[in-house]
Amino acid sequence: MNDTKRHIGDRRDGTLLRDIDSMHIIMPMIYPNRCDNEAFISERIDLTNVDAYIAKRNAENPVFKFTLFHLIVAAILKVIVLRPKLNRFIANKNLYQRKELSASFVIKKQFNDASEEGMAFIRANGDSTLDTLREDLYKQITHVKKGGTDSTMDAMEFLKKLPRFVVKFFIALMRWCDRHGIVPKSLIASDPYYASVILSNLGSIKLRSGYHHLTNWGTTSLFVVVGEMKKRPFYDDEGNAEFRNSVDLGLTIDERLADGYYYSRSVRMLKYILEHPECLEKPFNEPVEY
């Protein structure tokens, strides 16, 4: 997924897509703001197989346990590898293919009102698997919960000490650099809004899944909200209901990147992978039949 050769028009974090249809050339010029082009998709996942899989894997290794969130992060990254249009972004009215595969999320250091938040940023590739990803997730979460910081948080802590007019000028300069892809790498190395996908695990604080906006800052074009696990009814063809453990996912997507059919198939793939979690033991770039 990384292309080291850079051509005129490319960004540090993305390759300019040149051989595209006229709609994807013109649309970013007509609708330049990411926040004006959000499409929201909600999907309910039956966790019957996931629960059994997690119980089996955790019985094998009770020290570094799997969680539902681990599987969801891995499943989304696998889908992004197999459905590469999900890893595109629009900046400065141009369409780019992202050079990295990454996911970010915010971690509450302690579950109380006064606790601070930290940011986790993980990178993967086509050869990654659920097992390799779990190691990175465990390290990131542990680092944040123990009070570790990152370059983004350090920069914000420094800026808040400066006069407000200086901060406003600096942010205006960074927004210009953001549009042209020249924000210093050190400043965006852990910025969640430069990841392929941002996840929000609202289930960990007992909230339902729902809509979350995108932003015009950064390049993230996919936001996933994970809701609370709960018993919900599932109906067969005769209308009979059976209550099963489930989770609702809310996906906010930049609709300029692909058409509805592409997104529909991508969501179906995500649902299939989560309901057949053994797929995640294989490299992310290995196709799945669904």
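Predicted model: local features only at pLDDT ≥ 70, side-chain atom pairs only at ≥ 80, totals over all residues.
**Nonpolar cores**

The largest nonpolar core holds 54 residues. Ile76, Leu77, Leu133, Val197 and Leu199 have the most contacts inside it. Helix α3, residues 68-82, supplies the largest share of this core, with twelve residues. A second core is separate and has five residues, including Cys177, Val183, Ile188 and Tyr194.

Leu77 shows what packing in the main core looks like. Leaving aside residues up to four places away in sequence, Leu77 touches Leu101, Ser102, Ala103, Ala124, Leu133, Val197 and Phe284. Leu133 and Val197 are also among the core residues with the most contacts.

| Helix | Residues | Length | First to last C-alpha | Expected span |
|---|---|---|---|---|
| α2 | 48-60 | 13 residues | 19 Å | 18 Å |
| α8 | 260-275 | 16 residues | 23 Å | 22 Å |

The reach of α2 is close to the expected value at 1.5 Å a residue. The reach of α8 is likewise close to its expected value.

In α2, the buried residues are Val50, Tyr53, Ile54, Arg57 and Asn58. Viewed down the helix axis, the buried residues of α2 fall within an arc of 125 degrees, so they line one face. Ala59 and Glu60 are exposed on the other side of α2.

In α8, the buried set is Tyr262, Tyr263, Ser266, Val267, Met269, Leu270, Ile273, Leu274 and Glu275. These buried residues pack against β2 (38-46), α2, α3 and β10 (241-254). The N-terminal end of α8 is capped by Asp259. A side-chain oxygen of Asp259 lies 3.2 Å from the backbone nitrogen of Tyr261.

**Cysteines**

A search of the whole structure finds zero disulfides. A disulfide is a covalent bond between the sulfur atoms of two cysteines. Cys177 is in no disulfide either, and its nearest cysteine sulfur is that of Cys35. Their surroundings can be compared by accessibility. Cys35 is partly exposed, with a relative accessible area of 31%. Cys177 is buried, at 8%, and belongs to the second core.

**Ser104**

Ser104 sits in strand β5, residues 101-108. Is Ser104 buried or exposed? Ser104 counts as buried, because its relative accessibility is 0%. A polar atom of the Ser104 side chain lies 3.0 Å from the backbone oxygen of Pro192. Not counting residues up to four places away in sequence, Ser104 touches Ala120, Phe121, Pro192, Ala195, Val197, Ile198 and Leu199.

**Met229**

Met229 lies in the loop between β8 (222-226) and β9 (230-235). Met229 is partly exposed, with a relative accessible area of 43%. Which residues does Met229 touch, not counting residues up to four places away in sequence? They are Leu47, Leu68, Asn245, Ser246 and Val247. Along the chain, Met229 and Lys206 are 23 residues apart. Their C-alpha atoms are separated by 8.5 Å.

Definitions and conventions
Residues numbered from 1 in each chain as written. Heavy atoms only, no water. Core = buried A, V, L, I, M, F, W, Y, C linked by side-chain atoms within 4.5 Å. Buried < 20%, exposed > 50% of the residue type's maximum accessible area, 1.4 Å probe, protein only. Helix = DSSP H or I, 4+ residues; strand = E, 2+ residues; numbered from the N terminus. Contact = heavy atoms within 4.5 Å. Disulfide = S-S within 2.5 Å. Polar contact = N/O pair within 3.5 Å; in protein donor to acceptor, adjacent residues only side chain to side chain. Expected span 1.5 Å × (residues − 1). Arc of directions from axis to C-beta.
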